[in-house]
Amino acid sequence: MNTTAHDLGSRAYAALLAGNWPTLRTLLHDDATWTLPGDHALSGTTVGADAVIAQMRKVADYGVQFRLERLLTSRDNLALLQHNTGHRGDVVLGEHLATVCRLRDGRIAEIETFADDVPGMNAFFV
């Protein structure tokens, strides 16, 4: 197991759960990107650490509840397996995600999220 990647993933997830955006920002490269699937208000690629944090805040503002199921590491990168849920009016979100983080020099450089229910994301994030 890559201890550095595992530690970084644990710290990033703890900061996300706590809404500790300043700490999460320190874990990102200035030129970090985050790509979300789908065709909704948050889909596409967000560029720049401050923009990535703003995008994460938007997800949290939708009332999404995050649950980490597994933290996986490779030689140089990490992946978070999550189950996210939320309710917005009559719309219910219940998605399983793999969020892959590519690391550079001990910080997150790229994030790409893979979802099992992109139509559900499209309906929830309007």
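This is a predicted model: local features need pLDDT of at least 70, side-chain atom pairs count only at pLDDT 80 or more; totals for chains, interfaces and linings use all residues.

Colleague: How many helices and strands does the chain have, and in what order do the elements run?

Modeller: Helices (H or I, at least four residues) and strands (E, at least two) are DSSP runs, numbered from the N terminus. Here the chain has 4 helices and 6 strands, and from the N terminus on the order is α-α-β-β-α-β-β-β-β-α.

Colleague: What does the radius of gyration say about the chain?

Modeller: The radius of gyration is taken over C-alpha atoms, and the globule rule is 2.2 Å times the number of residues to the power 0.38. For 126 residues a compact globule would come near 14 Å, and the chain agrees because its value is 14 Å. Along the principal axes, the C-alpha atoms fill a box of roughly 40 × 25 × 25 Å.

Colleague: Which residues does the UniProt domain annotation cover?

Modeller: UniProt positions are given in the numbering used here, feature names are shortened, and annotations may be inferred rather than shown by experiment. The unreviewed entry carries "domain: SnoaL-like" over residues 11-111. That stretch is 27% helix and 52% strand, with its end C-alpha atoms 15 Å apart.

Colleague: How many bridges join S4 to strand S5?

Modeller: Two strands pair if DSSP finds at least two bridges between them. S4 and S5 (residues 91-104) run antiparallel and share 12 bridges, with Asn 77 opposite Arg 102 in S5. Their hairpin has 2 residues between the strands, and Gly 89 takes a positive phi near 60° there. Arg 70 has Leu 81 in S4 as its bridge partner, and 3 residues lie between S3 and S4 in their hairpin.

Colleague: Which residues touch the most other members of the largest nonpolar core?

Modeller: A nonpolar core is a set of buried Ala, Val, Leu, Ile, Met, Phe, Trp, Tyr and Cys residues joined through side-chain atoms within 4.5 Å. Buried means under 20% relative accessible area, exposed over 50%, partly exposed in between (1.4 Å probe, protein chains only). The largest core has 33 residues, and those touching the most other members are Leu 24, Leu 28, Met 56, Val 64, Ile 108, Ile 111 and Phe 125. Helix H1 (residues 3-18) gives the most to this core, with 6 residues. Contact means heavy atoms within 4.5 Å; beyond four places in sequence, Phe 125 touches residues including His 40, Tyr 62 and Leu 93.

Colleague: Is Gln 55 buried or exposed?

Modeller: Gln 55, in helix H3 (residues 49-61), counts as buried because its relative accessible area is 7%. A polar contact is a pair of N or O atoms within 3.5 Å; within protein, one must be able to donate a hydrogen and the other to accept it, and residues adjacent in sequence count only if both atoms are side-chain atoms. The side chains of Gln 55 and Thr 46 make one at 3.4 Å.

Colleague: And Asp 105, is that buried or exposed?

Modeller: Asp 105 is exposed, because its relative accessible area is 71%. Asp 105 sits in the loop between S5 and strand S6 (107-115), and its phi is positive, near 55°, in a residue other than glycine.

Conventions
Residues are numbered from 1 along each chain as its sequence is written. Side-chain values use heavy atoms; hydrogens and water are left out.
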